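Subject: Structure handover

Dear colleague,

Please find the structure below. My notes on what was found in it follow.

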Amino acid sequence: MSADTAMKRSQNSLLLWIVAFCLTLVIAVFQRVTGPTWPVRGETMINGRAVQYRFLRSHTAHTPLAVRIRADDPGLVLTLACRRFRTDDKWTETRMRRDGNGYVAMVPGQPPAGKIEYRVVFTNEVKNPQTLGPDRVVARFKGRVPAIWLILHILFMMTAILLCVRTGLESLRRQPRLERLVGFTLGAVILGGLVFGPVVQKFAFGDLWTGFPLGTDLTDNKTLLMFVFWLTALFLYRRSRWWAFAAALLMLIVTLIPHSLAGSELDYESGGLRNKFSASTPTAGPRMHSASLPPAGNRKPLTAPVRD
């Protein structure tokens, strides 16, 4: 290979790395904002004045989740209604109190993987109760994950996506060099998804693995598919570069499925995880009772005007 050819190849390789890096950033942002843990934001008008909301959908286990509404009007009547998700619990409503430039009320803390559904109701000018924002918001609670494990998980998964994109681009070249790229991509998937991923899940939800063959956790199954794709490519890319391209394409398709969708969820009745075939260690807390709710004077059973 002449010096000019080598230089041109090196320049093209650098360009492909830049393209791969940019696409990886786009994918990372897409995963973040489309996942079921991204807060619900919005603004509406009540009595002619703007009211802004930001409803959290992920929170630390066993700690109350603050539901805050930003509104300058001090005379609003806002009510927080909540109950445990997928249960026959009755809705419990709490009058939101004035706090600074808005209103606040607390959703009771839940065990890891526990979910609460909640909504905020207001009374308009003609005294008709209406829901502020979505009809309901589902928040999942998770255990505290040490920063080092979370950083390692995210770092290697982002590296895996970067290498995946770069390998896919490389496979489109006439004389691709795939040896290191395919191996490094597989290694990053193993470390990020099959080593550090389960550690993070153990801290967050109490189980190392709830995907196939133990359960139906979508994130775990996505990781397993990625591993199978690249393991297959590792053995077959020498026969055809299109095996590497297929692995890259399939992994990108799987990656675009929102993160944490159909993830770990506590079954309050059994104490195990809904997405696991066998019973898990019971973690379900007690029903929502007066010890975990605001004083009785500030709450009452949810009445008919709030739609179920």
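How many aromatic pairs does the structure hold? There are five aromatic pairs; rings of Phe, Tyr and Trp (its six-membered ring) count as a pair if their centres lie within 6.5 Å, and planes under 30 degrees apart are called stacked, over 60 edge-to-face and the rest tilted. One of the pairs is Y53 with F55, which is stacked because the ring centres are 4.9 Å apart and the planes meet at 15 degrees. Both Y53 and F55 are buried (buried is under 20% relative accessible area, exposed over 50%, partly exposed in between, with a 1.4 Å probe and protein chains only). Ring pairs also bring Y118 into a cluster with Y53 and F55.

W242 and F245 form an edge-to-face pair, since their ring centres are 5.5 Å apart and their planes stand at 85 degrees. The two lie three residues apart in helix α5 (residues 242–255), so about one helical turn separates W242 and F245. (Helices, H or I of at least four residues, and strands, E of at least two, are DSSP runs numbered from the N terminus.) W242 is partly exposed at 43% relative accessibility, and F245 is partly exposed at 27%.

Before going on, two points about the source. This is a predicted model, in which local features need pLDDT of at least 70 and side-chain atom pairs count only at pLDDT 80 or more, while totals for chains, interfaces and linings use all residues. Residues are numbered from 1 along each chain as its sequence is written, and side-chain values use heavy atoms, with hydrogens and water left out.

The charged end of R84 is over the ring of Y268, 4.5 Å from its centre, and R119 lies over the face of W91, at 4.0 Å from the ring centre.

Now the backbone. Most residues other than glycine have a negative phi, and most peptide bonds are trans. R86, not a glycine, has a positive phi of about 55 degrees and lies in the loop between β5 (78–84) and β6 (92–95). A113 also has a positive phi, near 75 degrees, and is found in the loop between β8 (102–107) and β9 (115–123). With 0% relative accessibility, A113 counts as buried. A cis peptide bond, with omega about 5 degrees, joins F212 and P213; P213 is in the loop between α3 and α4.

Regards

Methods:
Lys NZ or Arg CZ within 6 Å of the ring centre and 35° of its normal.
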